[in-house]
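Let's take a walk through this structure together, one step at a time. Have a look at it first, and then we'll start with a question.

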Amino acid sequence: MPQLDTSTWLVTIIAMILTLFILIQLKFHKYSYPLSPAPKTFKSTSFPTPWETKWTKFYSPLLLPQQ
Amino acid sequence: MNENLFSSFITPTMMGLPIVILIIMFPTLLFPTPTRLINNRLVSAQQWLAQLILKQMMMMHSPKGRTWALMLISLIMFIGSTNLLGLLPHSFTPTTQLSMNLGMAIPLWAGAVITGFRYKTKASLAHFLPQGTPVPLIPMLVIIETISLFIQPMALAVRLTANITAGHLLMHLIGGAALALISISPTTALITFIILILLTILEFAVALIQAYVFTLLVSLYLHDNT
C-alpha cells in the first residue's frame, strides 16, 4: 500500500501543518459578521447635580415672592 | 494489476520535487480573503456557509471551548474541500494519506485532552470511570476506558483514510470494469455505468460527511474536556 511508505510522510505532514494551521486560518480569521447598523445610545458626559435630578419647584422671576 | 490500482495513492513527486506540497495548499486558493465590508458573491457565500457551520457546531460549547472556533471551521473546510477536489478525475487526494490524517488527528486530540487535564483535572480523570459501576469491575473498566481514550486519534485518522481510499478504489475498479465490458456485452456495461454514477453520488456525500464526522468528533472531545 503506497500510503505506508514512510519516506514521504515528513513532507506531507509539514505541508499539511503549514496549510491547515496557518494558510487556511489566515483566510478564515478575516471573516467578519457585523451587526446591522443601529443608532448608538447617547451617553451624556455631564451628570445632573443632586438638586437638578428632581424638578420640585418652578422658578420664574415673576413667580418669586414679590418684594 | 495491484501496481496500477494503487498508483493514484502514491505521493506525487515530479522529478524528485515534492509537488504534494502544492497539491495540499491548493484548496486555500479557493477561499479568497474578504477585503471589503460587502464582498463579491463567492466570498459572501463562503461567509454564509461558515456562519451556518459555526452556529451549529459552537452552540454546545462553553466560552472556553468556543476559542477553538477558528480551528474547527478551518478543519471542516479544509477536509471538505480536499475531499471534493479529490473526486475530479486523475487528481490526488491528500486525505487518502495516512500521514496527513494522523498529523491532523493526533495534535487536535492531544490538545483537547491536555486542555482538559490542565483546567479540569478531576473531571477529566473522572471520565475513566463511568458512574454506577460495580466495585469489583473498577480496575478492568479503567483499563478499558484508557484504551478507548488512546484509540480515539487512531480511529479518527484511520476512519478518514479508509473511507476516502475505499471510495476511490471502488470507483477505479467499477470504472475499469465498465470500460472492459463495453466490448463484451454493452447491456452489462450500461448497468455497470449506472452503478458508477450512483457510486459517484455516494462519494460526494461521503466526502462531505467524513469532513463533518472528523470535525464533530474533535468538537466532542473538546466538549468533554472544557
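In which hand, left or right, does H6(B) pass H8(B)? Keep in mind that you're looking at a predicted model. Now find the two helices in chain B: helix H6 covers 98-119, and helix H8 covers 138-182. The crossing turns out to be right-handed.

If you'd like to see who does the touching, H6(B) brings residues including B:Leu98, B:Ile106, B:Trp109 and B:Val113. From H8(B), look for B:Phe150, B:Pro153, B:Met154 and B:Leu160, among others.

Next, zoom out to where chain B meets chain A. Chain B puts 35 residues into that contact, and chain A puts in 26. About 3,000 Å² is buried between the two chains, with carbon and sulfur atoms giving 78% of that area. Across this interface there are zero salt bridges, but nine residue pairs are in polar contact, both partners being at pLDDT 80 or more.

Which parts of chain B face chain A? Helices H2, H3, H5, H6 and H8 of chain B each supply at least two residues to that side. H5(B) gives the most, with seven residues.

Conventions
Residues are numbered from 1 along each chain as its sequence is written. Chains are lettered from A and ligands numbered from 1 in the order in which they are written. This is a predicted model: local features need pLDDT of at least 70, side-chain atom pairs count only at pLDDT 80 or more; totals for chains, interfaces and linings use all residues. Side-chain values use heavy atoms; hydrogens and water are left out. Contact means heavy atoms within 4.5 Å. Buried area is the accessible area (1.4 Å probe) that two parts lose on being put together, summed over both. A salt bridge is a side-chain nitrogen of Lys or Arg within 4 Å of a carboxyl oxygen of Asp or Glu. A polar contact is a pair of N or O atoms within 3.5 Å; within protein, one must be able to donate a hydrogen and the other to accept it, and residues adjacent in sequence count only if both atoms are side-chain atoms. Helices (H or I, at least four residues) and strands (E, at least two) are DSSP runs, numbered from the N terminus. A crossing is left-handed if the near helix is turned anticlockwise from the far one by less than a right angle, and right-handed if clockwise.
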